[in-house]
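Here is a short briefing on strand pairing and backbone geometry. Please read it alongside the coordinates.

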Amino acid sequence: MYSDDFNDAEFIKFIKEREIINSNGSDGCCLLHHAVINDDLNIVKLLISNGANIECLTMDKIYYVANIKLCILGNQTPLHLAIFNRNVEITEYLIKNGANQNVKDNNNNTPDELSSIKKNDQAYNAAITKVVTRNITTAQQTHDKNDKSNNQIISCNMLESGLSNAFSTKNLSENIFNSCSLLIKGVYSIKCFSTEDCNNIINYVQILNCSAPNTMNNYGIRLSDNPELKLAVTHMIDNVINKFCIDLFQLANDTKFEISHSFIIKYKLGEDIELKEHQDDSFITLNICLGKQFTGSQLYFYEENTMRKYTHMHNVGYGILHFGNVIHGVEPLTDGERWNLVLWLKCKA
Ligand SMILES: O=C(O)CCC(=O)C(=O)O
Ligand SMILES: [Fe+2]
């Protein structure tokens, strides 16, 4: 990168004169972040030996990749990016030079947590490592103004169970519009619910009748059996997710989603523990982890074109938004129970 334009001495003179060695650029990154993102160990060494701060932090910033509005996730150190990039040499170099391993980024992950999320996935590499987040405040303000339909979903049951709060447009848009990460092409992570929201939802649904929610899972709940919950979820799609996806995937402004199938799936030892590779009968799937506590049962995707496998550990409250045609599956659960709310979305004709 930089070394194409300058020799080392010229490069250092250039950045020293402009006092930019530790400044965040318009994309939210410092020079050291860029060197790490580009897997350039020589520039990493050069910058550090010339005073670059090894603990420099990214800032939340919007930028564009292939017409998709994205931005750098804030509070990431060079070590976060090195581990995310699976760059062993840069990771070792940063740690040897005292990089702090406990800094939490704005997704609440330390560098180590990023490494355990990805430790089973050796093939994954730097091309898809730019963790991004979005912050569409203007869109969010429009939603807040238009939020006249919340009352629709408030029934006595839901009010008592805290569900009306979890599914309120305000709650959802505050969560969803403020944070979205690109995992691989066509697969995003969004925060949907707080842990408390998830506990409320689980308490509400675990007394409902269980049945096979789809042709591949045997344990769970079909939302078509529960009109109250179906209404809350439809409200969430109509008022928040639809608009969010139009923006994220650059869809026509008048695109309208409808839920073709909605269900809760449950994994538990002795019941369903895994899911074979498949594609969904959906345009877009939203798959939100509600809890409870579990180990294993990572969701994996094969990146279109490269067919590289990307493994994702679900986080309670976070949803994965993916195109239905991305090939994906679930690794075996090794302990506990996992409950996920899954919505298959199609575009209305
Ligand atoms: O996370 C899961 O258990 C279900 C994954 C899945 O099939 C999906 O997201 O469509
Ligand atoms: Fe699926």
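Cys 180 has Ile 190 of β4 as its bridge partner. This belongs to the antiparallel pairing of β3 with strand β4 (residues 187-191), which runs over 4 bridges. The model is predicted: local features need pLDDT of at least 70, side-chain atom pairs count only at pLDDT 80 or more, and totals for chains, interfaces and linings use all residues. Residues are numbered from 1 along each chain as its sequence is written, chains are lettered from A and ligands numbered from 1 in the order in which they are written, and side-chain values use heavy atoms, with hydrogens and water left out.

- Helices (H or I, at least four residues) and strands (E, at least two) are DSSP runs, numbered from the N terminus.
- Two strands count as paired if DSSP finds at least two bridges between them.
- β3 and β4 form a hairpin with 2 residues between them.
- In the turn, Gly 186 has a positive phi of about 80°.
- Strand β3 (residues 180-184) is mostly covered, with 4 of its 5 residues buried.
- Buried means under 20% relative accessible area, exposed means over 50%, and partly exposed lies in between (1.4 Å probe, protein chains only).

- Leu 299 has Val 330 in β13 as its bridge partner.
- Strands of a sheet pair through backbone hydrogen bonds, either parallel or antiparallel.

**Backbone geometry in loops**

- The peptide bond from Gly 291 to Lys 292 is cis, with omega near 0°.
- Lys 292 lies in the loop between β8 (284-291) and β9 (294-296).
- Asn 108 is not a glycine, yet has a positive phi of about 70°.
- The loop between α6 (88-96) and α7 (111-118) holds Asn 108.
- Asn 108 is partly exposed, at 49% relative accessibility.
- Gln 250, also a residue other than glycine, has a positive phi near 55°.
- Gln 250 sits in the loop between α13 (227-248) and β6 (257-268).
- Gln 250 has a relative accessible area of 46%, so Gln 250 counts as partly exposed.
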